[in-house]
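Please look over the sequence and the model before reading on.

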Amino acid sequence: MKPPADDGAAIPDAIRQSFAPALIAWQRHSGRHGLPWQATRDPYRVWLSEIMLQQTQVATVLAYYPRFLERFPDVRALAGAGEDEVMALWSGLGYYSRARNMHRCAQVVVREHGGRFPDRADDLATLPGIGASTAAAIAAFCHGQRVSIVDGNVRRVLSRLLAFDEDLAQTGPQKRLWALAQALLPVAPSHSDMQAYTQGLMDLGATVCTRSRPACEPCPVGQVCRARADGDPLRYPVKSRRLVRRHESWWLAVMLRGVGSQRQVWLQRRPAPGIWAGLQCVPVAASEAAARAVVPGGGTAVREMPAIAHALTHRELRLHPLLVELPMTGAAPAADGAWHALSGMGDMGLPAPVRQLLAALR
Ligand code: SF4
């Protein structure tokens, strides 16, 4: 996918001339430095950080990134791993489709590109799980390609800077804003300029031009920002479709047997597509009666545990665990799956709340 054509004519001269130099200077002086993925131009490491940072805070990624790299130091190691192991290391980061796509992407890079990520953003964007903005970030950071990222943070910054009031829920305005982002890129940048510029866009959105409290006073581009001049930065970005979270209740059939090191739990793989797709999980049901029905003996001996609130992008889940102790020999649960040692949960890909629940039962 190629970036849209330069739309520089729509940008006031003062912004076009000062934005990139001001952002680069600010990033070098006041931006974020010392993050582990900033010290490399290795596309594998940059790609890994970019995928982890989608929808996840930097502080959380800092804990996962080194663990992941220690186990999978290069793309071949990741491509050759089993899916369960990848999911286990990802467990807790959420948005598990990222991990599945990442695993597939590593396999495509090894199989079709000889283990080397393509250099150009438009080639990178053909790989599984790499969107236009992630492809641009990898190409800019690793190869100094003059191409702009446009993730949610950047859309917010640029729509305020330019007082861009078109509806970003629509594809047309999204493309037009990306064309404007391309037009704002530094002129004839060095590799180091492109790194500082791209990191500066990320840093500005994350630390200065934040969603509900933009710090316009110290902002490095405040002098030319149109939303600031109009006195209404929070008007941007304009987006007609707001996220509505649906509330749902799920019942978890937590079936255990054995004692001590022999303690086991019944797990089944979650269907794909869907929530927690591909992860191992205790049986999930949409009603208490359905959850009890999978327990041998009709679930008369189950114990209700305190409910757990768990937020996903589009849903607020209320999880109701039903706990039951079963004999070592006896009828199998009326649900797909198998017994697994509770002590082996660390090596399995489990949804975070289920992992926490089972850890408390060991
Ligand atoms: Fe955002 Fe304010 Fe800076 Fe404009 S001046 S880019 S609204 S922080």
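The sections below go from the whole chain to single residues.

## Basis of the report

The model is predicted, so local features need pLDDT of at least 70 and side-chain atom pairs count only at pLDDT 80 or more, while totals for chains, interfaces and linings use all residues. Residues are numbered from 1 along each chain as its sequence is written, and side-chain values use heavy atoms, with hydrogens and water left out.

## Overall picture

The protein has 14 helices and eight strands. These are DSSP runs numbered from the N terminus, with helices (H or I) of at least four residues and strands (E) of at least two. The C-alpha trace spans about 75 × 45 × 35 Å along its principal axes.

Of the 362 residues, 50% are buried. Buried means under 20% relative accessible area, exposed means over 50%, and partly exposed is in between (1.4 Å probe, protein chains only). Among contacts with a separation of 6 or more, 68% are between residues 24 or more positions apart; a contact means heavy atoms within 4.5 Å.

## Surface and charge

The accessible surface is about 17100 Å², and carbon and sulfur atoms account for 51% of that area. Accessible areas come from the Shrake-Rupley method with a 1.4 Å probe, and for residues only the protein chains shown count as cover.

There are 41 positive and 30 negative side chains, and the centres of the two sets are 3 Å apart. Lys and Arg count as positive and Asp and Glu as negative, with His and the chain ends not counted. The place of each charge is taken as NZ of Lys, CZ of Arg, CG of Asp or CD of Glu.

## Helix α8

Helix α8 covers residues 132–143. Its 12 residues should span 16 Å at 1.5 Å a residue, and the end C-alpha atoms are 16 Å apart, which agrees. The expected span is 1.5 Å times one less than the number of residues. After α8 comes Gly144, with a positive phi near 70 degrees.

Because 10 of its 12 residues are buried, α8 is largely enclosed by the rest of the structure. The buried residues include Ser133, Ile138, Phe141 and Cys142. Their cover includes α2 (43–53), α7 (121–124) and α11 (191–208).

## Cysteines

The structure holds zero disulfides, a disulfide being a pair of cysteine sulfur atoms within 2.5 Å. For Cys142, the nearest cysteine sulfur is that of Cys105, 13 Å away. Cys142 is buried at 6% relative accessible area, and Cys281 is buried at 0%.

## Loops and backbone

Most residues other than glycine have a negative phi, and most peptide bonds are trans. Ala163 is not a glycine but has a positive phi of about 50 degrees. Ala163 sits in the loop between α9 (152–161) and α10 and counts as buried at 16% relative accessibility. Trp276, also not a glycine, has a positive phi of about 60 degrees. Trp276 lies in the loop between β2 (264–269) and β3 (280–281) and is buried, with a relative accessible area of 5%.

Tyr236 and Pro237 are joined by a cis peptide bond, with omega about -5 degrees. Pro237 is in the loop between α12 (226–230) and β1 (246–257). In the loop between α10 (171–183) and α11 is Val187, which counts as exposed at 74% relative accessibility. Val187 and Ala20 are 167 residues apart along the chain, yet their C-alpha atoms are separated by 8.4 Å.
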